[in-house]
Amino acid sequence: RPPRAAISRSAAVAELPVQQPAKTDEGPIAVLLLNLGGPETSDDVEPFLYNLFADPDIIRLPPALAGLQTAIAWLVAKRRAPKSRAAYDSIGGGSPILEYTTQQARLLENRLGPDYKCYVAMRYWHPFTDDAVQKAVADGCTSAVVLPLYPHFSISTTGSSLRALLAEMQAKAPALMQRHTVVPSWQGSPGYVDVVAKLVAEQLDSLDDISDTTTVLFSAHGVPVSYVEEAGDPYKRHIEETVAKVTENVKRRRPATTATFELSFQSRVGPVKWLEPYTDTKLEEIGQRGCDSVVVVPISFVSEHIETLEELDIEYREVAEEAGVKHWRRVPALNLDEDFISELATQVRGALAKPVVNSVDACILNSFDLTETPVGMLPGVDEPVEFVNGRTMTVAITLTILFELLADRASVVGLLGLPV
Ligand SMILES: C=CC1=C(C)c2cc3[nH]c(cc4nc(cc5[nH]c(cc1n2)c(C)c5CCC(=O)O)C(CCC(=O)O)=C4C)c(C)c3C=C
Ligand SMILES: [Fe+2]
C-alpha cells in the first residue's frame, strides 16, 4: 500500500462534489450519523455477525480467497454466534447501541435547530445505511453532513461505513452525492477531549480517600496489527493522540493526582495478532504490581454496548479483581452527556465552515483509498464477484459441513487465521 502522500484521487471520482452543503428552499441539511449497529434480540445475533464478517473491510482476505468471503462469513458467524449470544444475553439479550444512537440523534437535532435533520446509518444492523439515505431523500434533504460516531478513523469502521454510504448515494441519492461533506475523524477535538477528561476526573475523585495507587487505563477496541502495519490504518495513531490529550487535560484538572495513565486494546477476535497490550493482560499486570485501584476508560466508544457492559464490566472486572485490584471504576461512555452532544453539534457546524471533504477524500486523508477494489473482493465490477460468491458459497458450505463432521473445526479456522 502506498504511503499517504502517494495516494491521490483517481480520475474515476475526479468529478465528485465540491459544493458546500447548505439549507435550501427545497429541504433541510441531513446529518448522517454513522455507527456500527448491534443485534436487538438473541435471534438477531447470527445474522448481525454474518453482515459484519461478510464485509471485506472487516475480514481482509487475500485476493485468491476473495470469492469465498460470503461462505467464510457464514461459517465464522455460525461458529461465533453461541459465544456472542451468551454475551448479549448477559446484558439483557441485545445491544443498547441503537437506543443510545437514536437518542443522540434526537438531542443533536434539537441542538442544531430546524435547518437540520439527523439520521442514524448503521453498518451491520437496522437502520442500515440505505434506510437512512432513503429517509433523508424522502424528507426532502438535498445536502448532507456525514458524521461518523467513531472519533478515531479505522478502515474497519469509518472506512467501511463510508464505502457503504458512497455506494448508496451514487446509486440512489444524486443530490446528496453532489452536496455532502464528511467529518473524517475528531480524535483531537478540544470539546471531545474535554468531555472525556471531565468524566475521568469524576471517577478519580471517587477514589480520593480510598487509594493512592491508581492506574487510569484507557481501553480501546483493537484492530489486527496488519491494518496498521500493512494497510496504513491511522487508528492506533488517532487513539494515542486522544490518550495523550485526555491525560494532559486530566492532570491539569487534578494537578495533585498520583495516578499513572496507560493504554491497552480490547475485543480481540480470532487467532491473528491484534494491537497490544491486550486489556486483560494489562489488568493482570496492574493487579500483580500491587496497584489496588483502577479507572478504566472505554476510549474508542461513544455509547454503552456489549464491549463496555459485558467485556469491561463483567469479564475484565473479574480479571482485575482476581489479580488483586480492590477498587474498580469504569468511566461511562459519552452516551447522552450534554457536553458531548454540544461537541457533535460543533463538529457538524465546523464541517460546514470548512472546505468540502467528500467521502473519497475523507478516506484518502486517512491513507485509505475507497476507489481501490477492497481487499477481499475480486478486481473488476461487482457482478462477477456476486456470481463467484454464490457458486463458491455452495461449495464452501458443503466442504465446511464435511470438515465439521471429520475434523476438529478449530484447526480449520486456525489454518485460515479467521476470527471466531
Ligand atoms: C469503536 C471501534 C471499533 C473498531 C475499530 C472495531 C473493529 C473490529 N470489530 C470486529 C469484530 C466485532 N465487533 C463487534 C461489535 C462491535 N464493534 C464495535 C466497534 C469497533 N469495532 C461496536 C460499536 C460493536 C457493536 C457492539 C454491540 O453492542 O453490538 C462484534 C460483535 C460482538 C462480538 O461477538 O464480540 C464483532 C465480532 C473486528 C473483526 C474488527 C476489526 C477488524
Ligand atoms: Fe468491533
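Asparagine 335 is buried in this predicted model, with a relative accessible area of 10%. That value counts as buried because the cut-off is under 20% relative accessible area. Asparagine 335 sits in the loop that runs between strand S8 (327-330) and helix H12 (338-353). Its backbone has a positive phi of about 45 degrees, although the residue is not a glycine. Most residues other than glycine have a negative phi.

Serine 367 also has a positive phi, here of about 60 degrees, and is not a glycine either. The loop that holds serine 367 lies between helix H13 (359-364) and helix H14 (382-406). With a relative accessible area of 9%, serine 367 is buried.

Most peptide bonds are trans. The bond from histidine 126 to proline 127 is cis, with omega near -10 degrees. Proline 127 belongs to the loop between strand S2 (116-122) and helix H4 (129-138).

Proline 277 is found in the loop between strand S6 (260-266) and helix H10 (279-288).

To locate these features in the structure, start at the end of strand S2 (116-122) and follow the loop toward helix H4 (129-138) for proline 127. For proline 277, take the loop from strand S6 (260-266) to helix H10 (279-288).

Definitions and conventions: Residues are numbered from 1 along each chain as its sequence is written. Chains are lettered from A and ligands numbered from 1 in the order in which they are written. This is a predicted model: local features need pLDDT of at least 70, side-chain atom pairs count only at pLDDT 80 or more; totals for chains, interfaces and linings use all residues. Side-chain values use heavy atoms; hydrogens and water are left out. Helices (H or I, at least four residues) and strands (E, at least two) are DSSP runs, numbered from the N terminus. Buried means under 20% relative accessible area, exposed over 50%, partly exposed in between (1.4 Å probe, protein chains only).
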